[in-house]
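Please keep the sequence and the model in view while reading.

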Amino acid sequence: WIARDAAAVWHPFTQHATWTADDPTVVERAEGPWLIDVDGRRHLDGVSSLWTTTLGHGHPEINAAIAAQLAKLDHSTFLGTTHTPGIELSEALIALAPKSDDPELTKVFYAGDGSSAVEAALKIAYQYSAQTGHPRSRFVRLEHAYHGDTLGAVAVGGHELFHEAYRPLLLETIGVPSPGDRALGPDRGAVADARLRSVMGEHGDQVCAIIVEPMVQGAAGMLDYDAEFLRTARELAYATGALLIFDEVATGFGRTGRMWAAEHAGVVPDLLVCGKGITGGYLPLSAVLAAEHVYEAFLSRPGDRAPRTFFHGHTYTANPLCCAAALANLRVMGEQDVVGQAARLGERLGKLLEPVAAKDGVVEVRRLGTMIGVEVAPVGDRTGFRVCQAARDRGVWLRPLSDTVVLMPPLTLGETETEFLVDALDAAIDEVCA
Ligand code: PMP
């Protein structure tokens, strides 16, 4: 299988020379939190297959919902026509959305993955500014942010390496230090806050939107930060007429111990982007939840010189199978209080990781709910990568983000598997960092 893969497959981000393991695992099946390879070995999916499988693999209710939908309607375009699962899911997402009187999240726009939903949100923000009579073209972003790999998402990300690769093609952005950046010291929240205030003071009238991952920058290595920064962003967006975009692709659907990370801060954005956990990892789907005032700017009026249409939408937008999977996932989440389970699992992991955090080779354990980063001190090259290799040898899959080892297990992980995961990490750190 590995030779055939090498001959025919071009993997995302990865070339064979930089596989996350010397002998990549070839996955064939999965059940619950376990991935099973072609040789029958079981691997605990400690990162929920890139942060998606919140209920684990092979959940009977989601499987049944997809099968039932398949028997009724496989696909039908959402352009100029509609379908029942698309309507039902929109209502369910609006009911779940974080609440405030203003802005009020009332409309759902679908996309296929996190990046394309971010892309849609950026285009909405740009067009919104033009259609409300104040054309603006700059975006405020945080350093270290990851919002995806389409060109707009790369532009508002905080990775110089990616910017360098595509610079002439990128949108115009203004970077603000991250309130979660440990290199800024204990006053990092205040430093970021002051910088955001000065940027918005100086350039606010040119800014379409401020975009942030609320409460924790996941792909940056789980850089959690104080809610105060989000309140400042909300206040400044109001004051300048910019939109506020929360990218909850990683943090949404219970991952942080609340349905949305926004709830930790009591702040509601104008556009909320979500993906990953929306279908419980079963099928690709993402969405932008939009405020009513934003949607209204896209309704044509008498006397308009050009239509106010949002020029965006794909062949598989709101595919009925994906919508049915998401509806089943949200139903199970509600019935089984999965958000409460996530909060309790996070607490349990936090407790079990206390002795790990106290080890000499560990710089810091960061956690918000079940988004966890264990930063190890470098010992030679690629320490985080080698810790993940050593955990993999013990049957647990984790993900290195530089020297931070990321844990994002299914939200419903059982007691025994939780201990198995932490024991494997503990032993892996001893092996590599001692
Ligand atoms: N935004 C955030 C916060 C993410 O963590 C990710 C993926 N890690 C994305 C956007 C991009 O999502 P996708 O990979 O589904 O395009």
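## Basis of the model

The structure is a predicted model, in which local features need pLDDT of at least 70 and side-chain atom pairs count only at pLDDT 80 or more, while totals for chains, interfaces and linings use all residues. Residues are numbered from 1 along each chain as its sequence is written.

Helices (H or I, at least four residues) and strands (E, at least two) are DSSP runs, numbered from the N terminus. A residue is called buried if 20 or more other C-beta atoms lie within 10 Å of its own, exposed if 12 or fewer do, and partly exposed in between, with C-beta atoms placed from the backbone. Two residues are in contact if their C-beta atoms, placed from the backbone, lie within 7 Å.

## Helix H3

Helix H3 comprises the 13 residues 60-72. The expected span of a helix is 1.5 Å times one less than its number of residues. For H3 this gives 18 Å, and the end C-alpha atoms are 18 Å apart, which agrees.

Which residues of H3 are buried? They are Ile62, Ala65 and Gln69. These residues cover an arc of only 60 degrees around the axis, which puts them on the same side of H3; the arc is that of the directions from the helix axis to the C-beta atoms. An α-helix has 3.6 residues a turn, so residues three or four places apart point the same way. The buried residues of H3 pack against helix H4 (84-96) and helix H12 (320-335). On the face turned away from the buried side are the exposed residues Pro60, Ala64, Ala67, Ala68, Leu70 and Ala71.

## Surroundings of the ligand

A residue is near a molecule if its C-beta atom, placed from the backbone, lies within 6 Å of it. There are 14 residues around the ligand, and those that come nearest are Asp113, Gly114, Ser115, Gly148 and Val249. Helix H5 (residues 114-131) gives the most to this shell, with three residues.

By type, the shell consists of five nonpolar, six polar and three charged residues. Here Ala, Val, Leu, Ile, Met, Phe, Trp, Tyr, Cys and Pro count as nonpolar, Asp, Glu, Lys and Arg as charged, and the others, Gly among them, as polar.

## Positions annotated in UniProt

An unreviewed UniProt entry places the feature "binding site" at Tyr146, Lys276, Gly313 and Arg399. These positions span 254 residues in sequence, and the farthest two C-alpha atoms are 32.6 Å apart, so they do not all gather at one spot. The unreviewed entry also places "modified residue: N6-(pyridoxal phosphate)lysine" at Lys276. UniProt positions are given in the numbering used here, feature names are shortened, and annotations may be inferred rather than shown by experiment.

Lys276 is found in the loop between strand S11 (271-274) and strand S12 (286-291). It counts as buried, with 28 C-beta neighbours inside 10 Å. Not counting residues up to four places away in sequence, Lys276 touches Trp51, Thr52, Gly114, Val249 and Ala250. Arg399, by contrast, lies in strand S16 (residues 399-401) and counts as partly exposed, with 19 C-beta neighbours inside 10 Å. Leaving aside neighbours within four places in sequence, Arg399 is in contact with Val47, Cys388 and Val406.

## Backbone details

The peptide bond from Asp102 to Pro103 is cis, with omega near 0 degrees. Pro103 belongs to the loop between H4 and strand S4 (105-111).

Two residues other than glycine are described here for a positive phi. For Leu50, in helix H2 (residues 48-51), phi is near 60 degrees; Leu50 counts as partly exposed, with 14 C-beta neighbours inside 10 Å. For Met215, phi is near 75 degrees. Met215 sits in the loop between strand S7 (207-212) and strand S8 (216-217), and is buried, with 30 other C-beta atoms within 10 Å.
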